[in-house]
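Good morning, and thank you for coming.

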Amino acid sequence: MSGPDPLVIRGGTVAEAAWSAPADVFIAGGKVTALAEPGTPAPPGTTEIDAAGMLVLPGGVDPHCHVGFTSGAFTSLDDYRQCTTAAVFGGTTTIVDFAIPRPGQSPVDAAHAQRAKAAGGLCDSALHACVVQWDDTVPEQLRSLVADGMPTVKMFTTYRGETMADEDTILKTMSTLRNLGGMVVIHCEANHIIEDTQTRCSHDGRIGAEHMAATRPELAETASVAEVLAIAESLKAPVYFVHQSTPEAVELVAAARRRGLAAWTESVAHHLVLDDGLYAGPDPERFVCCPPLRPRPVVDRLARHLATGEITTIGSDHCCYDVAQKQSRRTDVRAMPNGLPGVETRLPVIFSEFVAGGTRPATLPVTRFVELTAANPARANGLYPRKGTLMPGADADVAVWDPSARWTITSGALHMATDYTPYEGRAVTGRPRTVLVGGRVVVHDGVLTDPEPRGRHLRARPITAARGRCS
């Protein structure tokens with residue numbers, strides 16, 4: 001199959017993680033071939049895209065998406081086609097999904113089954129594998145996964161009886177991956193603290209969605225982060241912490257990084273923007289996620305770490321449940337589906353809030369936005385420089401971004417496979433006007449222009465190549 005026609009994106013300001021400047025972007029064969037002075041002549045037959053007044057950004061890399069994810073009695077509602085359609089409308093052109101084994105399923109079998117779905121996507125995807133319990137087969141499975149381009153392995157310190165791994169399993173998995181060029185990607189909440197807190201909340205009649213914040217305290221997160229950091233430092237093993245929601249947790253990881261540990265902090269859009277006051281509103285179940293939304297002063301202190309460099313990536317933690325699923329267990333958060341839809345809104349919400357200056361003064365230059373949402377997620381997952389950059393040789397995944405577009409987020413205008421968004425009615429500034437995947441225009445002016453699924457499963461490089469590049 002021949003590649004897409006040659007293109008040049010003219011008149012915009014290219015923004016990379018380390019610099020921004022006016023430049024023309026030349027594309028051929030699905031790759032960026034050159035960044036050139038504005039007005040550089042193009043070869044005959046080259047199609048021109050006018051980006052005057054626009055930012056030309058690497059397509060976003062979302063390091064934290066759950067596609068068709070089953071947890072307990074609930075399965076999220078999207079498949080790869082639906083999730084990646086929403087992603088590209090939001091300017092994200094690569095997602096990293098999770099292959100979480102069901103009971104009786106091996107990590108390798110889960111990964112192979114999930115990987116096979118990638119071809120249904122409108123953009124490329126990579127995978128985190130997952131280990132729940134150690135046995136004699138796990139070392140060979142980890143070797144196979146890393147050799148097969150899946151070097152990152154998700155682990156949980158909570159959800160007893162489902163995905164929770166004990167400390168011995170975490171240590172053995174980290175130790176094995178360290179020698180293979182892999183890395184543990186970990187959800188840190190101390191389960192014993194959570195279970196005790198939830199039992200006491202239940203006895204007091206405070207276990208419904210409106211009490212979500214009280215049932216999973218901040219201390220549970222920081223205690224678990226400290227424990228996992230101790231394991232990682234004892235092994236000198238790299239580690240990536242997902243959805244850190246408290247400044248204390250972020251600071252623990254930053255301190256370990258200063259001591260020489262290869263450690264990444266991911267935060268997610270809803271923890272950086274929304275707060276626990278929403279649990280006091282009319283629909284608290286719509287905001288139930290783990291960790292929960294935090295008090296506004298905590299959110300504001302967390303967000304300050306975007307500018308300090310101590311937060312290294314921003315994900316969405318996309319879980320596409322709908323209102324009916326959320327409402328069905330709203331009286332007991334222990335049985336509710338946890339998670340919020342966000343793959344489409346991650347970039348617009350973060351750009352509006354922190355680059356354009358939404359409800360606060362702007363704190364991030366566009367270069368830092370690119371670093372947090374594209375370059376660093378690609379580095380952390382062994383995908384850079386194929387993804388997360390527009391330097392020559394990279395895949396031509398591009399978001400031509402209108403930095404002054406003003407619009408209001410409504411669920412009816414989004415493309416996620418759900419009937420709500422946690423940002424309903426939020427006024428934002430900035431959104432992608434044109435999105436390219438592999439040199440093909442897939443979205444332009446709010447219209448899907450190329451619906452053909454061409455998604456590829458990406459083989460990630462060993463994570464050892466990314467050590468030391470955490471900011």
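Let me begin with Asp 62, which is found in strand 8, residues 60-62. Strands here are DSSP runs of E with at least two residues, helices are runs of H or I with at least four, and both are numbered from the N terminus. Please bear in mind that this is a predicted model, in which local features need pLDDT of at least 70, side-chain atom pairs count only at pLDDT 80 or more, and totals for chains, interfaces and linings use all residues. Residues are numbered from 1 along each chain as its sequence is written, and side-chain values use heavy atoms, with hydrogens and water left out.

Is Asp 62 buried or exposed? Asp 62 is buried, at a relative accessible area of 0%; buried means under 20%, exposed over 50%, and partly exposed in between, for a 1.4 Å probe and protein chains only. Its side chain reaches the backbone nitrogen of His 64 at 3.1 Å. Leaving aside residues up to four places away in sequence, Asp 62 touches Thr 92, Thr 94, Ile 95, Val 96, Gly 315, Ser 316, Val 343 and Arg 346, where contact means heavy atoms within 4.5 Å.

**Asp 402**

Asp 402 counts as buried at 18% relative accessibility. A polar atom of the Asp 402 side chain lies 3.1 Å from the backbone nitrogen of Ser 404. With residues up to four places away in sequence not counted, Asp 402 touches Met 54, Gly 430, Arg 431 and Arg 433.

**Cavities and pockets**

The largest cavity has a volume of about 60 Å³, a volume being the space filled by probe spheres set on the points. Which element supplies the largest share of the lining of this cavity? That is helix 13, with four residues. The lining residues include Leu 57, Phe 369 and Trp 401, and the lining divides into eight nonpolar, three polar and no charged residues.

The largest pocket holds about 530 Å³. It is lined by 33 residues, and nearest its centre lie Ser 71, Tyr 159, Glu 162, Met 336 and Asn 338. Helix 5 gives the largest share of this pocket lining, four residues. The lining comprises 14 nonpolar, 12 polar and seven charged residues.

The second largest pocket has a volume of about 430 Å³. Of its 23 lining residues, Pro 101, Gln 105, Val 132, Gln 133 and Glu 162 are the closest to its centre.

**Cysteines**

Finally, the number of disulfides is zero, a disulfide being a pair of cysteine sulfur atoms within 2.5 Å. For Cys 65, the nearest cysteine sulfur is that of Cys 83, 4.7 Å away. Cys 65 is buried at 0% relative accessible area, and Cys 123 is buried at 1%.

How values were computed
A polar contact is a pair of N or O atoms within 3.5 Å; within protein, one must be able to donate a hydrogen and the other to accept it, and residues adjacent in sequence count only if both atoms are side-chain atoms. On a 1 Å grid over the protein atoms alone, a cavity is a set of points where a 1.4 Å probe fits but cannot get out, and a pocket is an open set with protein on both sides within 12 Å along at least five of seven lines; lining residues have an atom within 4 Å of a point. Ala, Val, Leu, Ile, Met, Phe, Trp, Tyr, Cys and Pro count as nonpolar, Asp, Glu, Lys and Arg as charged, and the others, Gly among them, as polar.
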